[in-house]
Amino acid sequence: MIDHAETVTLSSQGLSAWIAQDRKILAMFQVFHSMGADFVIGANTIVEISHPRVDMPRLHWALARAKVEPASGPYGSACPAAHRHYDAAPEPYPA
């Protein structure tokens, strides 16, 4: 069992579950909160979960409790291997 967590970065699935008030996720987040962890959400994650049926008051509630980071900068480059595809020059089509 982890006894310390500083930061919890939410994926679109984690944020969606938090908004939907999934009991397992809420219990897990309570544990992280009790450890003093900060919750971080990427700006692009908000775009990913946005749709006409999203519970907007609940989304605003969740966003008020987390730090929203831009998709670029330190947060966006946290995993350079994931972005290498976009940074590299495109390969030519085979002849």
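The dialogue below goes through a predicted model and the terms used to describe it.

Mentor: Two ground rules. Residues are numbered from 1 along each chain as its sequence is written. Local features need pLDDT of at least 70, side-chain atom pairs count only at pLDDT 80 or more, totals for chains, interfaces and linings use all residues, and side-chain values use heavy atoms, with hydrogens and water left out.

Trainee: What makes up the protein chain, in helices and strands?

Mentor: There are 6 helices and 3 strands. They run β-α-α-β-α-α-β-α-α from the N terminus. Both kinds are DSSP runs, numbered from the N terminus: helices are H or I with at least four residues, strands are E with at least two.

Trainee: How do you know that E2 and E3 pair?

Mentor: Pairing requires at least two bridges found by DSSP between two strands. Strand E2 (residues 38-42) has 3 bridges to E3, and the two run parallel. So the pair qualifies. Ile 41 stands opposite Val 68 in E3.

Trainee: Why are E1 and E3 said to stand at the edges?

Mentor: The 3 strands form an open sheet in the order E1-E2-E3, with parallel pairing. Strand E1 (7-10) and strand E3 (67-69) each have a single partner strand, so one side of each lacks a neighbour in the sheet. The twist averages 30° from one strand to the next.

Trainee: Why are H1 and H2 called roughly perpendicular?

Mentor: Look at the crossing angle. The axes of helix H1 (residues 12-19) and helix H2 (residues 23-34) cross at roughly 100° and come within 8 Å. Axes are lines fitted to C-alpha atoms, for helices over the stretch in contact; angles run from 0 to 180 degrees between N-to-C directions. Roughly perpendicular covers 65 to 115 degrees. H1 and H2 are therefore roughly perpendicular.

Trainee: Which residues of H1 and H2 meet?

Mentor: Gly 14, Ala 17 and Trp 18 in H1 meet Ile 25, Leu 26 and Phe 29 in H2. Contact means heavy atoms within 4.5 Å. These residues divide into 5 nonpolar, 1 polar and no charged.

Trainee: Why is Leu 26 called partly exposed?

Mentor: Its relative accessible area is 29%. Buried means under 20%, exposed over 50%, partly exposed in between (1.4 Å probe, protein chains only). So Leu 26 is partly exposed. Leu 26 touches Trp 18, Gln 21 and Arg 58, not counting residues up to four places away in sequence.

Notes:
Angles under 35 degrees count as roughly parallel, over 145 as roughly antiparallel, 65 to 115 as roughly perpendicular and the rest as oblique. Ala, Val, Leu, Ile, Met, Phe, Trp, Tyr, Cys and Pro count as nonpolar, Asp, Glu, Lys and Arg as charged, and the others, Gly among them, as polar.
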